[in-house]
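The following exercises ask the reader to locate features in a two-part display of sequence and structure. Each task is followed by a solution in steps.

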Amino acid sequence: MSSQPPVPLPDAAVPPPGQTGVAEPTQEPDGGRRILHEMLTSSWLVSLLAIVLALILGGLLIAAADAEVQATASYFFSRPSDLISAAWTAVSEAYAALFAGAIYDPRAEELGRAVRPFTETLTVATPLILAGLGLGIGFRAGLFNIGAQGQIILGGIFAGYIGFTFDLPPFVHLLLCVFGAALGGALWAGIAGVLKARTGAHEVIVTIMLNNIAIYLVAYLLSLDAFQRPGSNNPVSPPIPDSASYPLLLGSGYRLHAGFLVAIAAAVFTWWLMERSTIGFRFRAVGSNPQAARTAGISVNATYVWVMLTAGAFAGLAGSAQVLGTEHVLTAGVAASYGFDAITVALLGRSKPLGTVLAGILFGALRAGGVVMQARTGTPIDIVLVVQSLIVLFIAAPPLVRSVFRLPSPDTPRAPKPVVPVAAKEVSA
Amino acid sequence: MKKIIRVAALGGAVALALAACGSAPEETEETTGGETAASVDFKACMVSDAGGFDDKSFNQSGFEGLTRAVEELGIEEAHVESASDTDYTPNIDGLVAENCDLIIGVGFLLEDPIQAAAEANPDVNFALVDSSFSDADFAPVTLENGKPILFDTAQAAYLAGYAAAATSTTGKVATFGGIQIPSVTIFMDGFADGVAKFNEDNGGSVQLLGWDKATQQGVFAGNFDSQDDGKNIGQSFIDQGADIIMPVAGPVGIGTASVAEAAGNVAIIGVDADWYETTEYGPIVMTSVMKEIGPAVFDTISEAVDGNFSSEAYVGTLENEGLGLAPWHDFESKVPADVVTKIDELKAQIISGEITVESDATPS
């Protein structure tokens, strides 16, 4: 803890000296970029330990919320073993149920039923991976895009409308819906990209506001006859026909659909885009230093627009996974909180494709397992949300995790030692 | 550095293993001693909508019915809360896997998931609060193992509307909804008709703010959870001179009650449950339009336990006491005596069929 230099707040308003921060629309507060950099570069071990730490704290909460534990807590000092065993039972049963709901259910009678939980995990992971990949591209280009929620909703609206309105042959219909979803998400994110490029409006604020607009937009659309079922006033769209649905991968007993393959393909594409293509190189160059990128002849403003369009298209695909894959209807809540969870997924996955896929599967597992945990042990689903949030908290504060586990900081050799501030200046020069 | 990491990882693994070994016997003790056998071999289960079981509204009422069934019938239960619309299908699947005999979904948003589960699991019974089932062409359909639990709420709201119009001193009453859905607008339609009935009978001109039954347009918060929205909407009604407000928006209405209390001379009409009992704004609650979801859920469970589950829709009315107007409580002295008698008359007329309260949202 002591070896770490104080990190400035992400929204530090004053530009550091050395930057000519006058009429530069693409000016980024240095602190935000540093925090982003810090989160994306800290080691895998820190991520793993953050998850472990979050699960431990989650366990404490499960124990504290358990009625048996509360009852035994009243006579803790006369017989502490009761409390400990009650707490152990509560926590172990809850986490066993979480495992059974997410990976493999040992209680199931047939093999198909026993492995179904893992297919559920992959199903829930699909939109998280897709939206997380899009956000990751933005993060690596230095854009803190908070707008995946709105972009998923727009993707869902486009996919849904094309799906339930038109009557087309099977494969063409699905393709058109998926394309529409990507277009919807891209347009919504593109608004933020253009505003940033043209006016310098900060993408965090713009995307958050666009989320709200999207939420009310879908609520409004669902009050129109064109989006409602005939003969009903409920804000629920007609069901998506089979011709526009993602085919099920494992038959009707499982919800896993072809959207998962789209997510995997998207991850491979993202790897190619960011690591192998010229445009990806531009994204990364702008992300690591926009001034240098501009000097090198890269149009930073145009890059911002392209980054947002790409990120939005991925988030829009996440919306298609919801509307065409699992829900088969458009409702106001079709995006759940996936847009926000995906931010965590992207950060936990270091914004790299493989990391994002793994982080998406982890969060899918927590979600799918949380359902069974709630049904079997009565543990509130909120615990899962708390664990997710704790993971974000620890990921966002690598020094905290390192100090808890007494790990050395990877930046130590490069960071100026607080003890010898004068010498540090010479070293860094 | 790597060494330290390795040591830490090893230490962690050893600690975990030790913890597991040390506590294992305690766990087995617990499982053999703890569980008590249920006196009836029946498991009733419930899925909330995104509002959760603590919404002071219909999820909570439904859950009370389940709790009562556990206490009085000695059945087993399981309940799962949905955090979002995407949780419904996995939650219902989870309960099917838990071998529930009866699964109750609360809210119209669960229509499709409950229907799909009912068709896929013919040996499990299902019930659905606030919606009926429909087939692919959107025509109503009866499922062998699915029971809709519906309420003709307009009947009770009608009485509340009449009472509000008769009690208002400013000549203006108001209502607003959470989201424009049938189970909300049916309250507002009934309320509007009650106000109109008062005007017609007494040549009055009490004005209703927030809802126009003819055009089906009015004021909606757009959600069921923001108390701030409830405050803003409530304040704007008070500024326009309304002195009795019926918020049909779950917890949003609590915000309205708080500005009504601050205004001093404004009363609230509660919905779903008796707000005199369930909220902290008892003294300003004139009455409440009660939807007896709890008893309906209890009756459904009780029938299923006795082996008499039927797929016939339950429709709560004033007649079968699935609906009701809450007692006046602190407003006993403020509501004119002739109004109280008139309300009882109207109630009798609705029950006898002399008056029919109509709404686009009336369950068929």
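**Exercise 1. Describe the kink in α7(A): where is it centred?**

Step 1. The kink in α7(A) is about 25° and is centred on A:Gly190. The bend at a residue is the angle between axes fitted to the seven residues ending there and the seven starting there.

Step 2. Helix α7 of chain A covers residues 170–199, which makes 30 residues. From first C-alpha to last it reaches 44 Å, close to the 44 Å expected at 1.5 Å a residue; the expected span is 1.5 Å times one less than the number of residues.

Step 3. Just after α7(A), A:Gly200 takes a positive phi of about 80°.

Step 4. For context, chain A has 17 helices and 0 strands. Helices (H or I, at least four residues) and strands (E, at least two) are DSSP runs, numbered from the N terminus.

A note on the model: it is predicted, local features need pLDDT of at least 70, side-chain atom pairs count only at pLDDT 80 or more, and totals for chains, interfaces and linings use all residues. Residues are numbered from 1 along each chain as its sequence is written, while chains are lettered from A and ligands numbered from 1 in the order in which they are written.

**Exercise 2. Trace the pairing of β12(B) and state how many of its residues are buried.**

Step 1. A residue is buried if 20 or more other C-beta atoms lie within 10 Å of its own, exposed if 12 or fewer, and partly exposed in between, with C-beta atoms placed from the backbone.

Step 2. Strand β11 (residues 267–272) of chain B pairs with β12(B) in the parallel sense over 5 bridges. Two strands pair if DSSP finds at least two bridges between them. B:Val271 has B:Val289 of β12(B) as its bridge partner.

Step 3. Strand β14 (residues 323–325) of chain B pairs with β12(B) in the antiparallel sense over 3 bridges. Here B:Val289 is partnered by B:Leu325 of β14(B).

**Exercise 3. Is B:Ser205 buried or exposed?**

Step 1. B:Ser205 lies in the loop between α6 (182–202) and β7 (207–209) of chain B.

Step 2. B:Ser205 has 9 other C-beta atoms within 10 Å and is therefore exposed.

Step 3. Leaving aside neighbours within four places in sequence, B:Ser205 is in contact with B:Gly171 and B:Asn199. Two residues are in contact if their C-beta atoms, placed from the backbone, lie within 7 Å.

**Exercise 4. Which element gives the most to the side of chain B that touches chain A?**

Step 1. The contact takes 33 residues from chain B and 37 residues from chain A.

Step 2. On the side of chain B, the elements giving two or more residues are α1 (2–34), β2 (76–80) and α3 (88–97). The most comes from α1(B), with 8 residues.

Step 3. The residues on this side of chain B divide into 17 nonpolar, 7 polar and 9 charged. Ala, Val, Leu, Ile, Met, Phe, Trp, Tyr, Cys and Pro count as nonpolar, Asp, Glu, Lys and Arg as charged, and the others, Gly among them, as polar.

Step 4. β2(B) is also joined to β1(B) by 5 bridges, and the two run parallel. B:Lys43 stands opposite B:Glu76 in β2(B).
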